[in-house]
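Hi,

Here is the structure I promised to pass on. Have a look at it first, and my notes on the side chains follow below.

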Amino acid sequence: MAPITHDNNDFTTIFRSSKNGFIQFAYSYLGNMQDAEDVVMEAYIQYWENKDKETFRATNIKGYIFTIIRNRCIDMLEERKNLLKKNDELYQHLIGEIELNISSLKDCDPSALFTNEIETIVNETIEALPNRTREIFYERYIEQKSYKAIAENFGISVKGVEFHISKSLNMLRKNLKDYL
């Protein structure tokens, strides 16, 4: 069967007489004038590119173009639907993350964080003290001994005990400067 020939005048007539109706049809489903115009122009172009092909059998040019427009509108609406699904999934994921962050912040106790940090700094500072200074510090602040008792225990003067305590406290102040 030989291909049907399509007269350029037929195409021009159909283009002029049907373009606005096709655009309104596409617009009624797509809701966007630019998309509707693009779909209609693509349909006319597709018809024009295929009209002389051996396998082209459309005798109803308007019906052929209308079918292209309908199918392209369906494709665009499916694309939109899929995009909205993906956006909804992303939205739900983001809402979940935000809720998790809110919950985490509500459960966060900054004073506990700082307390743990301060404890770590104090312990590390005390461990870094020279042995005798550390031992004197423990006797004074852990065992609650007097300067005089500590001096007798170590065989040093009270001024010597004061020196070691002062050295300990200065190192602690230095290491805790951000918290004091």
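One aromatic cluster takes in F15, F22, F25, Y29, Y44 and F66. Rings of Phe, Tyr and Trp (its six-membered ring) count as a pair here if their centres lie within 6.5 Å, with planes under 30 degrees apart called stacked, over 60 edge-to-face and the rest tilted. Before going on: this is a predicted model, where local features need pLDDT of at least 70 and side-chain atom pairs count only at pLDDT 80 or more, while totals for chains, interfaces and linings use all residues. Residues are numbered from 1 along each chain as its sequence is written, and side-chain values use heavy atoms, with hydrogens and water left out.

Searching the whole structure turns up 7 aromatic pairs. F22 and Y44 make a tilted one, 6.1 Å centre to centre with 50 degrees between the planes. F22 sits in helix α1 and Y44 in helix α2, so this pair ties together parts 22 residues apart in sequence. (Helices are DSSP runs of H or I, at least four residues, numbered from the N terminus.) Both F22 and Y44 are buried, meaning under 20% relative accessible area; exposed is over 50% and partly exposed is in between, with a 1.4 Å probe and protein chains only.

F25 and F66 are also tilted, with ring centres 4.7 Å apart and planes at 50 degrees. That pair links helix α1 to helix α3 across 41 residues. F25 is partly exposed at 23% relative accessibility, and so is F66 at 32%.

Now the nonpolar core, i.e. buried Ala, Val, Leu, Ile, Met, Phe, Trp, Tyr and Cys residues joined through side-chain atoms within 4.5 Å. The largest one has 18 residues, and A26, V40, Y44, I65 and I69 have the most contacts inside it. Helices α1 (8–30), α2 (33–50) and α3 (61–107) each supply at least two of its residues. A second, separate core of 6 residues includes A151, F154, V161 and I165.

On charges, there are 7 salt bridges in the whole structure, each being a side-chain nitrogen of Lys or Arg within 4 Å of a carboxyl oxygen of Asp or Glu. D35 and R80 meet in one at 2.7 Å, N to O, which links helix α2 to helix α3 across 45 residues. K81 and E78 form another, at 3.3 Å; they are 3 residues apart in helix α3, so about one helical turn separates them.

Cheers
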